[in-house]
Amino acid sequence: PDVSAAVGVEALRVQVEKKRDWFGLNGDLKVEAGRLELAVLLDAARRQQRFVRVDDRRWVELSETLRHRLQAIADQTFVGSSRIELSPGGVPAIAALAEAGAQVKTANEWQLLAERLAASRTLRPKVPATLVATLRDYQIEGHAWLSRIAAWGAGACLADDMGLGKTVQAIAVLLDRSKHGPALVLAPTSVAFNWVQELQRFAPSLNPVLFAEAPDREHCLAGLRKKDVLIVSYGLLVRDAERLAKRPFATLVVDEAQALKNATTRRAKAARMLDAGFRIALTGTPLENHLGDLWSLFSVVFPGLLGSWEQFRDRFAIPIEKGKDPAARAALSRVLRPFLLRRTKQEVARELPSRTEITVPVALSHDEWAMYEDARLAAVVELSSQGKQLRDQQRRFQVLAALTRLRLLASHPRLYDPKSAVGSSKMRRLLELLEELRSEGHRALVFSQFTSHLALVRQELEEAGYRLRYLDGSTPAKQRRKLIAEFQDGDADVFLISLKAGGTGLNLTAADYVIHLDPWWNPAVEDQATDRAHRIGQTKPVTVYRLVSHGTIEDQIMALHADKRALVSGILEGTDVAARLTTKDLLTLLQASPEVADE
């Protein structure tokens, strides 16, 4: 075959066009034998090919600079039906192409984006003088980063670890942007009042407005002024979706943004309808279970960055999760990097006291084992007798229900059979631990995913004379604040908290021990709960105990934790990756024969 000499960037022509709500990209490369379409070149760049076929006999070599520039554009394009769609995140890549000598023609709207990007890069943001707080170095950087993205007109996800002060960084931006108009903060109900307090504390010049307390919501929206910050719960967002969508806001802050991780829910759809000049997502866990979480988040804060769901799924989710494709993973990491900022405590809060994590294996008694094995085998038999009659979704539901029964049984026989007289080894181990902590003057948060389990623990602790507080999803916000204040003031030794209710919006630095009674599938959710104690303001080292019933489903869940952490770090930091659990994976967990019990 005939290979022509390496072709450089100057032979490339590219045009960016504005379509209805997307940008189109077309172009070609001039070679000796004619022209090569841009789509072919981008495909070659994705595959990291040096040579591209012109026809049956002829090939052309792409110069290294050209390959490098095409790769940056390939990251930012999605193939639609017979067209190439360009993400607004592709502004730097197109600009670099023009600088390298390509002929680039762009629509006016794209030109505006490029000018705003250039201006934002020279910006030297200063922390607003009206902020009543001394920011740490990394918080000053966070505010500057958010300010530059706001100036560009893109959207941002601030994904700092829990407890590093995402709220105060966002409040600094709200102060900056109050001159452009009112702001909207979306937050879980449990955190809404926290926002009122933090705004009053850090930004007294802003005016927090709780949507839930407005007597006339229509009137409330119509009357919003520049310094107002409207705080809306996710529940009210769904209920008043159309009304909220009609009102333009200068800034939107989506707090605990993992609440929007499922793109098909009514709350995610309602959030996508909102009209805001600049959007920030705040979450310590931008990626909880699978890559769909990330797509859903960015479809709210920076629509278009990751393409349509179908484009994202074909381009990234399937190759990364099913195929473990390192090239796709690296490309997604590159696309997200400018718009997702994540700092961990190890990196930035060196002044935070240490955190030690200890897995406490619990050996089940002979009687507990007999119950556990009987329940496990019964579930296996029941599921195999149903065979293929169930649709996959039904089957998945049945398997999860069986696994939940085993998880309950691994914690306490009475959670599986209320009449059981068999004692719980885990309860015994918990009481030993708490007795030791109480005698040494420590205070503990105890988390469980099951309120039924916490009820049994509460009963035991009350009988043993512990001073305790209890909080779950049904605790009203006012009562919640009172319980937190009492615990922080030293009125209790132990705080029992349901995992779901306690994962967000709590500051419980008076505790220096955290105990997780039952491992949950997703370690990120547990970490969020742990960070109620291990956060800025904590002065003592924090110890985290995980009680795990040895040889049961709980052991297998702990093994999955490593996989989950790998998926998160793979996308956010560029290391390894793990897949989402399929129904088949779940069945395997159920069928795995446990290790022999310790007699």
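Cysteine 220 is buried in this predicted model, with a relative accessible area of 14%, and cysteine 157 is likewise buried, its relative accessible area being 0%. Disulfides are absent from the structure, the count being zero.

Confidence along the protein chain averages a pLDDT of 84, and 92% of the residues score at least 70. Among the elements of the chain, strand β14 has the highest mean pLDDT, at 96, whereas helix α24, which covers residues 553–572, has the lowest, at 69. Where pLDDT is low, predicted coordinates should not be read in detail.

A bend of about 35 degrees is located at phenylalanine 316, and proline 319 follows within four residues. Both phenylalanine 316 and proline 319 are buried, as are Gln311, Phe312, Arg315, Ala317, Ile320 and Glu321 of the helix. Beyond α13 comes lysine 324, whose phi is positive, near 50 degrees.

Positive phi values also occur at two further residues other than glycine. Glutamine 48, with a phi near 60 degrees, is placed in the loop between α1 (38–46) and β5 (51–53) and is exposed, its relative accessible area being 61%. Glutamate 256, with a positive phi of about 45 degrees, is placed in the loop between β14 (249–254) and α11 (266–272), yet this residue counts as buried, at 8% relative accessibility.

Side chains of opposite charge can pair when their charged atoms come close. Across the whole structure, 23 salt bridges are found. One of these joins the side chains of arginine 50 and glutamate 61, with an N to O distance of 2.9 Å. Because arginine 50 lies in the loop between α1 and β5 while glutamate 61 belongs to strand β6 (residues 58–62), this pair ties together parts that are 11 residues apart in sequence. Arginine 50 is partly exposed, at 41% relative accessibility, whereas glutamate 61 is buried, with a relative accessible area of 19%.

A salt bridge is also formed by aspartate 75 and arginine 334, the closest N and O atoms of which are 2.6 Å apart. The pair links distant parts of the chain, since aspartate 75 is in helix α2 (residues 64–75) and arginine 334 is in helix α14 (residues 326–336), 259 residues apart. Aspartate 75 counts as buried, at 6% relative accessibility, while arginine 334 is partly exposed, with a relative accessible area of 32%.

In the pair made by arginine 405 and glutamate 382, the closest N and O atoms are 4.0 Å apart. Arginine 405 is in helix α17 (residues 392–411) and glutamate 382 in helix α16 (residues 366–386), the two being 23 residues apart. Arginine 405 is partly exposed, with a relative accessible area of 35%, and glutamate 382 is also partly exposed, at 38% relative accessibility. Elsewhere, salt bridges that share partners join Arg217, Glu218, Asp240 and Arg243 into one network.

Note on methods. Residues are numbered from 1 along each chain as its sequence is written. This is a predicted model: local features need pLDDT of at least 70, side-chain atom pairs count only at pLDDT 80 or more; totals for chains, interfaces and linings use all residues. Side-chain values use heavy atoms; hydrogens and water are left out. Buried means under 20% relative accessible area, exposed over 50%, partly exposed in between (1.4 Å probe, protein chains only). The bend at a residue is the angle between axes fitted to the seven residues ending there and the seven starting there. pLDDT is the predictor's confidence in each residue, from 0 to 100. A disulfide is a pair of cysteine sulfur atoms within 2.5 Å.
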